[in-house]
Amino acid sequence: MLLVGLTGGIGAGKSTVSVLLAEHGAVIVDADQIARDLQSAGSPLLERMAERFGSQIIRSDGSLDRAAVAAIVFGESDEAKLALSDLNGLVHPAMQDEIKRQITQQADTDRVVVLDFPLLGENPRDDIAATVVVDVDTEVAVQRLVEFRNMNESDARNRVASQIGRDERLAKATHVIDNSRGLDELRDQVDALWNELVAVGGSSGAG
């Protein structure tokens, strides 16, 4: 198994890179999807979140209202920063357990396993062979969040500001994918990255 970390700031297009790597045959361990699964209706984690942030974060159908949580934890006030810290304290331990389980499943294979983790810069690991950062200018990221995720500009900037800075994230990279151009250019970069990863020691496909 070749374990690779994939990260990038919100709005950078990390998920698109993850899809392209999966097309090559990578096994994707998707931290965002794990978080969604752990926070599903009726889950113990969701109940603990409601105890901390209030029942208003749960919709009438029992599912998590992510916008309500975002309104509480993303902001510049001390209360928002404390709330974000508390949220991370609830979610991250459960996520790490599931991430470890999924990685362990592939430990005896020759697959390229990609840990798709937005907070890899904030929570670095010492067991990955490469750290791939998907990068765009901050203003481009904000524009994409407004255009494609229907955020208002203030919310988008708060979300970006809640993560580590662009320079700090890039400093941790062994490979950088520039996603400021079109899909064809992005695909070319991912193809080159894949060829390098396979040469290092991963499998070129699911066989």
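This is a predicted model: local features need pLDDT of at least 70, side-chain atom pairs count only at pLDDT 80 or more; totals for chains, interfaces and linings use all residues.
I then searched for what its side chain meets, and found arginine 52, with which aspartate 86 forms a salt bridge at 2.7 Å, N to O. Aspartate 86 belongs to helix α5 (residues 78–105) and arginine 52 to helix α3 (residues 44–53), so the pair ties together parts that are 34 residues apart in sequence.

I went on to the side chains of aspartate 137 and arginine 166, which meet in a salt bridge at 3.5 Å, N to O. Because aspartate 137 sits in the loop between β4 (130–135) and α6 (138–148), while arginine 166 is in helix α8 (residues 166–171), this pair ties together parts 29 residues apart in sequence. I noted 36% relative accessibility for aspartate 137, which counts as partly exposed, and 30% for arginine 166, which is likewise partly exposed. I also recorded that Asp135, Asp137 and Arg166 are linked in a network of salt bridges.

The next pair I checked was glutamate 139 and arginine 157, whose side chains form a salt bridge at 2.8 Å, N to O. This pair links distant parts of the chain, since glutamate 139 lies in helix α6 and arginine 157 in helix α7 (residues 153–161), 18 residues apart. Glutamate 139 is partly exposed at 43% relative accessibility, and arginine 157 is partly exposed at 32%.

I counted 11 salt bridges, and for the protein chain as a whole I noted 20 positive and 34 negative side chains, with the centres of the two sets 2 Å apart.

I listed 9 helices and 5 strands in the protein chain, and from the N terminus on I read their order as β-α-β-α-α-α-α-β-β-α-α-α-β-α. The radius of gyration is 18 Å, close to the 17 Å that the globule rule gives for 207 residues, so I describe the protein chain as being as compact as a globular protein of that length. Along the principal axes, the C-alpha atoms fill a box of roughly 50 × 40 × 30 Å.

Notes
Residues are numbered from 1 along each chain as its sequence is written. Side-chain values use heavy atoms; hydrogens and water are left out. Helices (H or I, at least four residues) and strands (E, at least two) are DSSP runs, numbered from the N terminus. The radius of gyration is taken over C-alpha atoms; the globule rule is 2.2 Å times the number of residues to the power 0.38. Lys and Arg count as positive and Asp and Glu as negative; His and the chain ends are not counted. The place of a charge is taken as NZ of Lys, CZ of Arg, CG of Asp or CD of Glu. A salt bridge is a side-chain nitrogen of Lys or Arg within 4 Å of a carboxyl oxygen of Asp or Glu. Buried means under 20% relative accessible area, exposed over 50%, partly exposed in between (1.4 Å probe, protein chains only).
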